[in-house]
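Hi,

Here is the structure I promised to pass on. Have a look, and my notes follow below.

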Amino acid sequence: TVRKSLMRYLPGQKVEGVEVRHAKSVRNDAAFASWLIGRTVKIVDRRAKLLIIRFKDDDEVLTIHLKMT
């Protein structure tokens with residue numbers, strides 16, 4: 001699955017850069033990038049069609065919709 005594959009590589013990795021491919025995905029690219037860069041991934045969860053990326057030392061999460069039908 002997508003979550004299991006990401007769990008092999010992401011935990012402990014620090015976000016070094018951000019690429020927003022669809023402008024409508026986020027409201028402010030620069031603010032989103034500055035919020036995300038430097039965070040360290042703790043775990044990747046999945047609920048239904050959402051990937052939930054949890055970070056170390058923080059209660060905030062990044063949710064990614066898988067856009068499946």
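In which sense do strand 1 and strand 2 pair, and over how many bridges? They pair in the antiparallel sense, over six bridges; strands here are DSSP runs (E, at least two residues; helices are H or I, at least four), numbered from the N terminus, and two strands pair if DSSP finds at least two bridges between them. The two strands form a hairpin with two residues between them, and Ala48 in the turn has a positive phi of about 55°. Arg47 stands opposite Leu50 in strand 2.

Before you read on: this is a predicted model, with local features needing pLDDT of at least 70 and side-chain atom pairs pLDDT 80 or more, while totals for chains, interfaces and linings use all residues. Numbering runs from 1 along each chain as its sequence is written, and side-chain values use heavy atoms, leaving out hydrogens and water.

Now the aromatics. Trp35 and Phe55 form an edge-to-face pair, 5.9 Å centre to centre with 90° between the planes (ring centres within 6.5 Å, using the six-membered ring of Trp; planes under 30 degrees apart are stacked, over 60 edge-to-face, the rest tilted). Trp35 lies in helix 2 and Phe55 in strand 2, so the pair ties together parts 20 residues apart in sequence. Trp35 is partly exposed at 23% relative accessible area, whereas Phe55 is buried at 2% (buried is under 20%, exposed over 50%, partly exposed in between, with a 1.4 Å probe and protein chains only).

Best wishes
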